[in-house]
Each structure stands twice: as structure tokens, then as C-alpha cells.
Amino acid sequence: MFGLISLPYEVLSNIIDNISFDDAFNLGRSCKHFKYLLTEESISKTIVQTKVRYSNEALAAMTVGGGNARALRRVAKRRDALATANPFVVATIGFCDAYLYCKGVLCYTLDDKLRLLNLHHSAQDELVISIPGLLTQALSEIGDHSRGVFQVLHYSDRILSCLYKSSGPDSIAWLIALHLGTRGILIVHELESIDKIFVRHNKQYLYYGTHSEIGTDGNRKWVIQGYDFKTRKWFDQKIHLPDMVGSEIGSTICFEFHKDYFYALSNQTSFEVEEIDWTSFYHCIRFPLNSPCKALLEKTENKSMWRRQHQEGPIDDRWTNLRLDEDESSGRLRIVEARKEWYLGSSRSQRTYYTTDIIFPKLEKDDELHLNDLPTASSSDASLASPSISWAHASQPASTSASSSSSASTASSSSTASTDTSNTTASPPSQDMDTSELPNVPLLRLLRKDDHPHHIKPPARLPQNTHPGNDGSSQPTFTLAKSRIRTYHTSCSTFLDLVDDPLPTDWQGRQRLRLRAGSRSLGPPLVYMNGHKQGLLRPPSSDLDIALAEMYRVPEITYWPSSQNPEPSLRNKHVDAIYRLMNPPSHLGNVEGTADERSMVYVTGASNEPQALIFIAFDPSIKLVGLKRWGGLCQKGVGEGPHIDGRATGYATEETGLKGDTYVDVDERDRTVTVDRKGKGKERARCSDVAVMQCLETVDVHDRVALTGSKVGVGLGRNTWAWKERAMYQDINLGYYFGMERVG
């Protein structure tokens, strides 16, 4: 250490440039001499803007032109809180009929009102929108469609996208987009179909898609339509994705905006189960947001997007989670997929997260020059009457639109083995079929002319892109029904789940939600231990399991809150207060939730009445007004706020302090959770980065407007359709802040 301390500032700066963010932060904590690495603005700026420059903290510091030292500490604290399952905030945010959590903004409905609260910015007020007032303002001819269902679809850049579908035999659906800053209605668009509808937008463009086009093969296909907010016009062409297989967003397919491009990603290979197949691939396409045309379409190639070999073992598709993730260091978009597999025929299934780079073929110079000269594909008419063009099959006949009430055809994963036996007599492969790339095995003789097998030589899996979880051999695992939220944070290599972990002595199995985190960190450098290369750096083993054990240190799985004593009279009342906060006794069951890179929101409670909204934050800068420092809860029960008076009964909590003994469950590590048979065969649990609970609200426009007796307008007064109110969580006043008073 003395030699490191004595190094000149310039040399030390060069060393910091070549180590990771975590190593630089740990160096700053190693002794007082290096504390300036965490507090001195210029060197903190170098660390933040080179190692985590695409994190929200770094972008905020770049926007304001300072605060890099604070941003550095915030990033480190956030990563540590996630890796150790130690949140900074736990609070009851409100009560809702339905919700959506997107970009750090909570959009939730209660009765006939939509409320929006910016949780990432610790907002004290929330915007309240009268849903009947909004619909009356947006739809001038709503008279015959005054009853229907309202749903929030997406939020970004202060723009909110909603869906309203009227009730009755002649129901009509509209896509509505409004700007929350100006309270202006940006889009009112009548939809042909709402089958699996999704919306993605930023401040310039909006795209929505439906799984509604019927292809010539009889399968449903995705069709996408784009809108330019600046020109206030729809793009000429509808975008058809005939080769993008997959219908479950977040599991088999996903759509995202990233750096002025629209991305679509699928982990499926074909619409039908291939009886003979070897390899599965990812399929990704992208196009510029300002020019959705065939000439600018980029599509990945199979040879660059290997996913897995089928011989690696069967998959439990209910656990599969697929998303696109931006790397905080490089800004590159990556594929992050969770799969639960019986790897190589193992008797135990194991959940593993795989990270894959997206590689598009490089364009030729002539193509680049040609693309730069292409005009923006904007329509001169806002009408959508122009013919649509299919990108992948331009010569294919136009697809016909399907009714939204029809059931979607299921796209089968190429990795799933069929248990049905074919009655068709096997015929030799067609003379035109190229089998030179297929393995020379006896199975090849069973190929038929209508088979479409895929095979490449599998590349080696890299340890840094593979993070296996617990297989249940040494630590408890949880069934799908007990794993309410499942997330993975690439920034700190951490599984973070919200699990229902009832006490072993509770024969009723009452709800007891806890956080469960499993992380890993890089170990010391690998060196040769003997021979003429002794002491020199060496590469990891070519065997994946050995390489993972060599490169990483895996601590024990962490749970939060800490364990409870099975005997109620001996429990720590402070820990019990957190459990009651996370599991309100008057609002149990039907847990659904979502998470982003710094927080988590979930609902709990009976489905036929308003559910409690619980917020958990891992960012130390999120400090909601009125929250108690760890050491005391207000003596107010759930349901006593003015927003929800008479709608829910509450529970009383005593003033709690920091004193008390900690109970340790010595059997927690070895306890195995039994299989929940009730969950078997149920619909796949969803866990996405946006929301898992659709924001639906049944409204009657005429009844509500008649009751208000006021003119619908735009403004901040209570006689308009949008106004501000004190945030509901301030009236509920139930929550803890576990950080220090001084943030950062």
C-alpha cells in the first residue's frame, strides 16, 4: 500500500483509467489517503464519465454540469443496496384499482381518476386526471360510446399513452396520447385491432403495434404503425414483421426504443415445432425512428446470434424472461434472458441469466452513402389509407387484419421438444435441401422435405455472460407461484427477487414477502502457479463450470428483512414493523409487481377492491416527504388517509426504536420450499420492466360529467380535467427511510 500511496497523481490517474468502477470506488474507501477519489470533483468526473457514463446518475451530472462526486457515490450505493438486498426506502404509496410503473413514474387508477407520481424524483404532488373529463375532451363524438374500459399503455418524456375501448356490440377502441406539461391532446386515433397492443414513444415519435395480421401461413404476425409528434402525421407505411416469431411480450418477444432506433427482438425460430432441430437463435431487427422503410431495415444473422443448442436440456418456459438492457459503461444494447433449464440432463433445474451482444451485419460503403440520401418517410396526409409494405417478404400478398377478439395462435419455441408422434411416414429429404451444414448423425435420415432444421457449431459460452443461479442443492429454491417479482441487474451481477416465504411453522402459509438477492463479484486475477510462466496472468479454463468457479466469488444468498422468530412473543418488533409494511394485514394476496434499475413497485390485496401499492427503492437520493427514519412509524393505519376514507380498514403500529435483539434462522439456508401444486398449469407469471398489472378502469363518461356539473377544460383548477394534489403517500404516512440524512 505504501508504494501505491507514494505514486504521483498522474500515474495513479492512469491506473484508475484501467480498472473497473467498483475497483476505483473500493480504492477510495481503502484508506484516508485515497478518500479524495470519492470527493474531489475532477477525478470523480473522470471515473463517472468514463466508467458509468450511461447511468442515470452520470447523465444527470452531465446535464447540470457538475455533481460528479455525488453521482459516483450514488452509483456505488445503489449497486451495493441491490447486491445486498438492503433498500433505502420502503413505503405504502397509495391504493389503486390498477397501475403501470414506467420510467420511474407511477400511473395508477382509483375510481374514475388517474394519478401520476414521479417516484424517482421524490415528487410531493401528483397529477390527477379525471378519466371521464379526459375522454370528453379527447373524443368529441363519444355520445354513443360513453361506457367502456380505460387502460394506460406507456409513459415517457411527460407523454402518456392510453387506450379507451367502448362497451357494447359496436365497440370502438381509440389510442389517446397527451402531454402532461401542456395538458394537450397529441393523438386520438381509432384502432383497427387491440390484440396484444403495445406502445413505445419518446418526445419525438410514437409507435404502437398489435399482433393482428394474418399471414399466408395462417399465423398471426406483428404490425406496427409510427407517428411523428413534430409534423403531427402518421408515417406512410405500416411495418409488418412476418419473420418475428413470438407473441408474449417480455417472454418470447420484446420491443424497445434505443438511440433513435426501434428494436424488435425474438427468441423464437419458427411458428411450428420442428421435430428435428439442433440450434436456437435470437432474431433482432431495427430501423430509424424517423424513417421506417424497408431500405433502412437492419436484421441480424443467425451465425452471429447463437442462443443455445437443444441438447443442453429442456427449458421451463414459464420462467423465461426476455428484455433489452443498456450497459451503463458502454451504452451498448444487450440481450438479457432468464431461462430455467435442466442443463445437460441434470435432475435439478436451474435458473440462469444469459447476456448476449446484438451484432448487425456491417453495411457496405455504397449502401451507407445511399442510405444517407434517403428522405424521411413522413406522410403528406395524416390518413392511414396508404398501402402497407411487408419488409421481409415484399412479394407476399397483403395480410388481412384480424378481429381483436380472436385468439392468438401460439408460437412454439424451437427449443421445446414435442411429445406428439407424427402419423406421417418419414420420407427422405428433398434433393434440393442442403444438408452439408447439418451434423452427420443417424437422425439426419428422418428428415422430410417440409422440415427446416437449424444447426451451427456452438461457440464457447463466456463466463462473464453467464450467471447461473441456485439449483436447490445447497440452498432453498422457490416455486414460480412464490416468486412474485424476478429481476436481474447487470450493473452489479445480481438476482433480485420478491418472494413469498411463509414461516415454516405457519401451517396456513400466510403471505410473508421478502427480498432475496444472489450476487457475484470478480475474484483475484488468475495466474500460473508453477512452471516457467509462474506468476503470469493466465486465461480461465475452457470448461464453463470451472471458469465460473475460478473467476467469481459467490456469497451466500441474502434475505431482507431478516428472519423472524417463529414464536410471536419473542419476535423483534422493529423487524415485524417492516414485515407488516411489506405485507399489510388488511391487504394480502394477489401480489403482482414490476422493477427497474433502482426501484420496485408491487400491489397486494383482494382483487375485487382497491389494492395497496408498496414501493421499494435502492437509490439513496429517493427521499419521499414525511417518511420516518428507521426507528419509528407513525401511529396511523392503512386506509386512514382522506383519499381512501371508508374504503379500507387499517392496522395500528406502535412506535418502534432501534433497540432489540436480532433473531437468526439457522435453518434458513438449508430449508427447501415444497412445490406449490396450486400453481401448476397456471398461466405463465409475467415479470417485465414496465408493468405486469394492466391499468384498466371501467368508466361511464355521461354519469361522471353529470355529477360534476362543471365544464371540462384544461388548467390547474379543480374544475378542469387535470389538476395537482398532495401525493397520497403523504396522507397515508406509512414508510421508512433507511439511509443517512445527507444523501450521497
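Reader: Which residue in S11 is the bridge partner of phenylalanine 198?
Author: Glycine 209 is that partner. Keep in mind that this is a predicted model.

Reader: How many bridges join S10 to S11, and which way do the strands run?
Author: Four bridges join them, and the two strands run antiparallel. S10 covers residues 198-201, and S11 covers residues 205-214. Together they form a hairpin, with three residues between them.

Reader: Which way do the S10 residues point, and are they buried or exposed?
Author: Phe198 and Arg200 point one way. Val199 and His201 point the other way. All four are buried.

Reader: New topic. Where does serine 599 lie?
Author: Serine 599 lies in strand S34, residues 599-604.

Reader: Buried or exposed?
Author: Serine 599 counts as buried because its relative accessibility is 2%, and the cut-off for buried is under 20%.

Reader: What does the serine 599 side chain join up with?
Author: Its side chain makes a polar contact of 3.3 Å with the side chain of histidine 120. Serine 599 also touches other residues, including Tyr101, Ile616 and Phe618.

Reader: What about the largest nonpolar core? Which residues touch the most other members?
Author: Ile93, Phe615 and Leu624 do, in a core of 53 residues.

Note on methods: Residues numbered from 1 in each chain as written. Predicted model: local features only at pLDDT ≥ 70, side-chain atom pairs only at ≥ 80, totals over all residues. Heavy atoms only, no water. Buried < 20%, exposed > 50% of the residue type's maximum accessible area, 1.4 Å probe, protein only. Polar contact = N/O pair within 3.5 Å; in protein donor to acceptor, adjacent residues only side chain to side chain. Contact = heavy atoms within 4.5 Å. Pairing = 2+ DSSP bridges. Core = buried A, V, L, I, M, F, W, Y, C linked by side-chain atoms within 4.5 Å. Lists of a residue's contacts leave out its neighbours within four places in sequence.
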